[in-house]
Amino acid sequence: MGAGVVKKQGGRGRRRGRAQPMAEINVTPFVDVMLVLLIIFMVAAPLLTVGVPVELPKTAAGALPTEQEEPLTVTLTAEGEVQIQTTAVERDQLLTRLRGIAAERASDRVFLRADGAVPYSQVMEVMGALNAGGFSNIGLVTDIGGPALDGSGTSGN
């Protein structure tokens with residue numbers, strides 16, 4: 001693919017037509033393949049996020065630091081349905097499922113995603129179930145760009 005053969009010029013006798021290997025490597029095909037893979041991963045990466053479509057409220061809060069283990073995500077939809085990752089869970093089974101998951105995980109961090117139309121009391125009920133299920137490190141997921149409470153009316157972006 002990249003190596004070739006170079007015929008030696010000149011010489012005497014039998015060695016006249018003997019070929020020597022070329023010491024150069026053609027890297028153009030390698031670069032082409034790497035660029036194609038880069039484009040594929042850039043397009044595919046946003047599609048790999050796990051989630052249920054909800055209308056998150058906007059805030060001026062910054063992002064949480066990432067960790068080694070994939071965080072557990074609990075979603076509360078506008079219809080009041082509770083989902084762990086992408087699996088729907090009945091409210092009366094939520095605490096049992098959370099305790100089972102907490103026993104298998106090393107981290108007690110969980111992300112709570114709640115639709116902006118969901119009443120505060122329902123969000124607090126789910127947070128209470130998360131705490132009782134063994135998850136004490138609860139992060140509330142929001143969209144960026146919401147109003148800041150510094151009097152400027154913008155998020156400072």
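The protein chain has a mean pLDDT of 77, and 69% of its residues reach 70 or more; pLDDT is the predictor's confidence in each residue, from 0 to 100. This is a predicted model, in which local features need pLDDT of at least 70, side-chain atom pairs count only at pLDDT 80 or more, and totals for chains, interfaces and linings use all residues. Residues are numbered from 1 along each chain as its sequence is written, and side-chain values use heavy atoms, leaving out hydrogens and water.

Confidence is highest in helix α1 (residues 28-44), at a mean of 91, and lowest in strand β1 (residues 5-7), at 58. Helices (H or I, at least four residues) and strands (E, at least two) are DSSP runs, numbered from the N terminus.

Let us turn to Leu130, which lies in helix α3 (residues 120-132). Why does Leu130 count as buried? Its relative accessibility is 0%, and buried means under 20% relative accessible area (1.4 Å probe, protein chains only). Beyond its neighbours within four places in sequence, Leu130 is in contact (heavy atoms within 4.5 Å) with Val74, Leu98, Val110, Leu112, Phe135 and Ile138.

Strand β4 (residues 72-76) holds Thr73, which is buried, with a relative accessible area of 11%. Not counting residues up to four places away in sequence, Thr73 touches Gln83, Ile84, Gln85, Phe111 and Arg113.

Methods
Buried means under 20% relative accessible area, exposed over 50%, partly exposed in between (1.4 Å probe, protein chains only).
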